[in-house]
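Here's a quick tour for anyone meeting this structure for the first time. Take a look, then read on.

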Amino acid sequence: MTLLQAVKNFVRSKSIHVCYVDVGSCNGCDIEVLACLSPRYDIEQYGIYVHNNPREADILLVIGAFTPGWEDKLRMIWEKIPDPKAAIAIGNCPISGCLFDRPHTLIDPPAAKHIPIAAQVPGCPPRPTEIISAVLSVAPLVFRDYEVAKR
Amino acid sequence: MKRTVDVSIPLGPVHPCFKEPARIKCETRGEYVIAAEVELGYMKKGIERIMRGRPWQEVMFLAERVCGICSVIHNMVYIEALEAMTSIPVPERAALLRVIVNELDRMQSHILANFSYCYTIEHETLAMYLLDIRERVMDELERITGARVTCAYIVPGGVRFDLRGEDDLHLRAALAIIEEEMTRYLQMFATGPLIALRSRGIGILTKDAAREAGAVGPTARASGMPETDRRLRHPTYQKIGFSPVSRDEGDNYARIMVRFEEVLASIGIIRTCLDLLQPGPIRGGGIPGAGEIAYSGEAPRGELSYFIRTDEAGRVLDISIQTPSIMNIEACCHAMLVGVASLADVSSTFVSADPCIACTER
């Protein structure tokens, strides 16, 4: 491993920028992601910053069952994120559609049909601690030695 | 007359200040906003279409997931509509427990709305204080109902769980802390000079405009319409002697202050309920039958109405939900946003109306 790679690994482990996008949830998971910001969970002590700007994000949190309004927009947001990147599905909705996936529904789950999903956090809604631990366990798998793995 | 429009500026749907996707299109002259339009349609899941033809037990969980922030009130209005339709009696203790849980839910929703506003005007210190105190409210909700969000606590004829052991002592202790802290934050908000610069006199909704747009909830009460509070017509609230909060300014400052004061009022309501609690049954049972009813309740954002028609087996044949945010978004884009002096105030004015897009589109 080169020195440059070692520096990159160190820097990436302490600075994970997160963007969350709500593709049709009930708001419950949204608010649990917001609760991660609160001083009790304090997501920033782990070096995770919630920016909500895809252009400077590393990790995309996908919340909600996939609604028709997001048909190609979710992919556009995903393509705006620079490499290396990962998407995490928060809650049951992007995994299976939860209780919205019934006859006569308008949604089109799972989110994995539209963008590659690296990790899933089930729950309706999951607890803030589970969301933080998912981000922290996915980040090293994706970001460490990214250039080596790409070659 | 021809209007001079420099540029039409879109905000959203993915925007750092909005928690949910909505698009605001502002027609501006310089930075002065001449007209605004809110474009929705990113969250439509078709919940009412899913609900039709399903047994009431399943619709109960779907109704709760119309909105994840104010899930308790959706549960409460839906169940109370079924109870009123088939005259199911509710034990005294259960009615009071419902009010306690509903007020806790209202507190966390209002604190979250104020957090969003403070975050939008870049007062991050106060925002983080508010988000921290919200976790205490969530703890109490979880202690009583067993879940932080979407707890399905209210069932026909009662509630699921009683207060256990020393729950009421814990609740009283937490309320004392929350009251002390919220009073401090209210003072910080009321007297902060920079907050006043970003909030006072911005996004004014006059009483006439509020009435014309049909504004409800804290948005209407900040424009001097306390009679819009549906809690005044709820039997349990009538019994415990409830009086709504209202202010007359109608600007962003008034809307946030109304929410602060309602949190303090909710603490008072919960204390009254805890004093009135007598030992007794919490669940009488009862199965909804055939009928048709329109029923309203006061959600944290305003009046929430359900229209339900069921058959003998308790299947929901027809249901329609009217959520408060749709009126407030109308009031916001037709009255509040017009004449806002800069684009930075557009997002804060929109957030001050506390729009819940998930409720609005369902």
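## Chain B at a glance

Helices (H or I, at least four residues) and strands (E, at least two) are DSSP runs, numbered from the N terminus. Chain B has 14 helices and nine strands. Its radius of gyration, taken over C-alpha atoms, is 21 Å. The globule rule (2.2 Å times the number of residues to the power 0.38) also gives 21 Å for 362 residues, so chain B is as compact as a globular protein of that length.

This is a predicted model: local features need pLDDT of at least 70, side-chain atom pairs count only at pLDDT 80 or more, and totals for chains, interfaces and linings use all residues. Residues are numbered from 1 along each chain as its sequence is written, while chains are lettered from A and ligands numbered from 1 in the order in which they are written.

## Where the chains meet

Two residues are in contact if their C-beta atoms, placed from the backbone, lie within 7 Å. On that basis, 33 residues of chain A touch 30 residues of chain B. Helix 2 of chain A gives the most to chain A's side, with six residues.

Chain A has a cis peptide bond between A:Pro109 and A:Pro110, with omega about -5 degrees. A:Pro110 sits in the loop between helix 4 (92-96) and strand 5 (119-121) of chain A. Another cis bond runs from A:Cys124 to A:Pro125, with omega near -5 degrees. You'll find A:Pro125 in the loop between strand 5 and helix 5 (128-143) of chain A.
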